Amino acid sequence: MFEKLGQKLGLSAIPQIFFISVAIVVLFVGFAIPFNEEFAAFFDTLGGFTFSNFGWFYVLSVSGLLLFLIWVASSRYGKIRLGPDDEGPEYATTTWFCMLFAAGIGTILMFWGVAEPMYHFASPPLPEVEGGTKDAARLAMTISLFHYGLHTWTIFTLPALAIGYFTYRQGLPMRISSVFYSVLGNRIYGPIGWTIDIIALLGTLFGVAVSVGLGTMQLNSGMNYLFGLPVNQVSQMFIVAAITFVASVSVALGLDKGIKRLSEFNIALALVILLFVAVAGPTLFIVSGTVQNIGAYLDNLAWLAFWTEAYNEGNWQRTWTVFYFAWTISWAPYVGIFIARISKGRTIRQFVFGALGSPLIFTVVWFSVFGLAAIDLELNQGVAISEQVQEDVSVALFSFLEQFPWAGAISALAVVVIVVFLTTSVDSAALVVDLLSRKDDQPSRTVQRVFWTVLLGLVAATLLLGGGLQALQNVITALGFPFCVLLVFMAVSLTRALHADYLGYSLKDLAEGEAPPLSPMGSMPHERKDQQP
């Protein structure tokens with residue numbers, strides 16, 4: 001049935017993945033719009049259940065996978081290349097970093113760069129820390145860096161590494177299901193593989209839709225400040241429609257023409273805003289505070305990485321750490337595939353330490369500049385930014401920029417940066433979703449990429465109509481869990497394949513049981529195939 005319908009419509013997609021995914025999204029939209037109150041209540045219950053029973057799993061999984069990546073890169077497997085042994089990187093390091101950032105967490109940093117530090121500054125999660133104090137400021141900066149530092153890029157780096165390895169080194173299709181070949185074998189081409197790709201596809205759609213929703217709320221606040229645009233759902237629907245239209249044009253241009261140019265352009269604009277705040281703000285305090293923030297982050301990383309609020313019955317983890325991990329995990333298929341596409345030719349060691357380290361440095365600088373400048377306004381200049389953030393996190397950036405010289409011009413520039421970051425994210429997501437659902441031997445078709453772009457915009461609009469920020473948090477906490485489980489099995493599958501590769505065995509040998517089993521933690525190598533008598 002699916003095959004015939006796909007042929008009739010002239011699709012180059014895998015029918016089972018395409019039509020089941022579209023049907024689920026259509027049912028979601030069809031239920032959520034007319035029954036928005038019931039929709040909000042259902043996902044509030046589901047999100048609460050997921051957090052109460054599996055919040056610890058999110059925390060343990062992400063921290064465990066960070067340790068796994070460090071081990072893989074440092075081990076004998078670190079010299080294995082994502083591609084043939086004699087092939088170098090496809091993109092220069094500077095271009096690679098710009099594309100990493102713009103398609104990864106550019107939107108996130110623009111939204112939370114001021115909002116999160118100021119929220120925790122006013123309302124610390126630890127009961128022994130009083131809000132609005134210097135202790136609260138130190139804790140706020142540490143927690144912000146924890147959320148957006150190594151753990152975020154662990155979630156992105158693992159699938160990117162696995163996809164890059166199985167695609168460029170082993171010649172498998174660039175889909176999430178390919179990552180599980182060492183465990184499933186040829187079953188990745190059947191119902192089990194389709195199910196994995198459907199989970200990845202839906203995670204991408206909903207994860208990026210959440211980002212579009214948050215970015216839309218922030219843009220609405222910025223345009224209200226600049227042009228008096230009312231802050232309401234009508235304005236937000238208009239913004240979503242505009243972003244979807246721009247992204248549809250961009251996605252038709254392809255990766256190199258669209259995303260690469262947008263990424264490099266937007267990084268330059270973001271750096272202009274960053275330098276402006278650093279120079280116009282309390283420069284010495286920012287520089288000194290950045291150095292201290294690094295030390296505080298490293299000093300507190302161990303306990304934060306495994307903190308689950310087990311000894312108190314608070315709800316903070318649900319709305320912050322667990323939500324953020326779930327949100328980032330839902331992005332993992334899209335960002336993983338995108339990063340894999342631009343990382344061919346790098347060794348595992350180069351890739352892991354580059355993908356974890358470079359964005360971490362930028363994140364520390366970004367949050368330190370914006371967070372410390374905002375904290376200085378509150379502590380030393382009596383500007384009550386935190387009160388506004390407590391009421392509406394989407395106004396944080398523009399309330400902050402309002403305190404600087406040339407506030408109108410710099411706020412307008414921030415609006416441009418947010419729009420381009422959102423467009424880049426939707427652009428990249430549409431390309432990846434099309435890749436997840438497309439047949440290997442078929443070219444990408446513009447109409448399919450545009451279709452996924454429009455569908456993503458529709459999901460974002462639905463989430464905004466269904467309850468705003470709270471709905472976004474509840475939906476993604478629940479829907480991110482299946483892919484969190486897949487990430488753990490992804491690490492197992494990758495380790496099996498790397499072990500066989502190092503010993504000179506093929507994936508076929510592994511699937512047929514001819515490759516030797518894993519040693520504990522890979523610490524005791526078996527005899528290589530080319531050294532056997």
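**Entry 1**

I began with R318, which counts as buried at 15% relative accessibility. I take buried as under 20% relative accessible area, exposed as over 50%, and partly exposed as in between, with a 1.4 Å probe and protein chains only. The structure is a predicted model: local features need pLDDT of at least 70, side-chain atom pairs count only at pLDDT 80 or more, and totals for chains, interfaces and linings use all residues. Residues are numbered from 1 along each chain as its sequence is written, and side-chain values use heavy atoms, with hydrogens and water left out.

I next looked up the partner of R318. R318 forms a salt bridge with D44, and the closest N and O atoms are 3.3 Å apart. The pair links distant parts of the chain, with R318 in helix α13 (residues 316-319) and D44 in helix α3 (residues 36-74), 274 residues apart. For a salt bridge I require a side-chain nitrogen of Lys or Arg within 4 Å of a carboxyl oxygen of Asp or Glu. Helices are DSSP runs of H or I with at least four residues, strands are runs of E with at least two, and both are numbered from the N terminus. D44 is partly exposed, at 31% relative accessibility.

**Entry 2. Other salt bridges**

I noted a count of seven salt bridges. One of them joins the side chains of D501 and R169 at 2.8 Å, N to O. This pair also links distant parts of the chain: D501 lies in helix α21 (residues 481-502) and R169 in helix α7 (residues 150-169), 332 residues apart. I found D501 buried at 14% relative accessibility, whereas R169 is partly exposed at 23%.

I then examined R175 and D197, whose side chains meet in a salt bridge of 3.4 Å, N to O. R175 sits in the loop between α7 and α8 (181-184), D197 in helix α9 (residues 191-227), 22 residues apart. Both R175 and D197 are buried. I also recorded that salt bridges with shared partners join D85, R169 and D501 into one network.

**Entry 3. The nonpolar core**

Which residues touch the most other members of the largest nonpolar core? They are W112, I176, V277, W327, F370 and F400, in a core of 181 residues. Helix α15 (residues 348-381) gives the most to this core, with 16 residues. Such a core is a set of buried Ala, Val, Leu, Ile, Met, Phe, Trp, Tyr and Cys residues joined through side-chain atoms within 4.5 Å.

I finally listed the contacts of W112, a contact being heavy atoms within 4.5 Å. Leaving aside neighbours within four places in sequence, W112 is in contact with P117, Y148, L214, W320, W327, F367 and V393.
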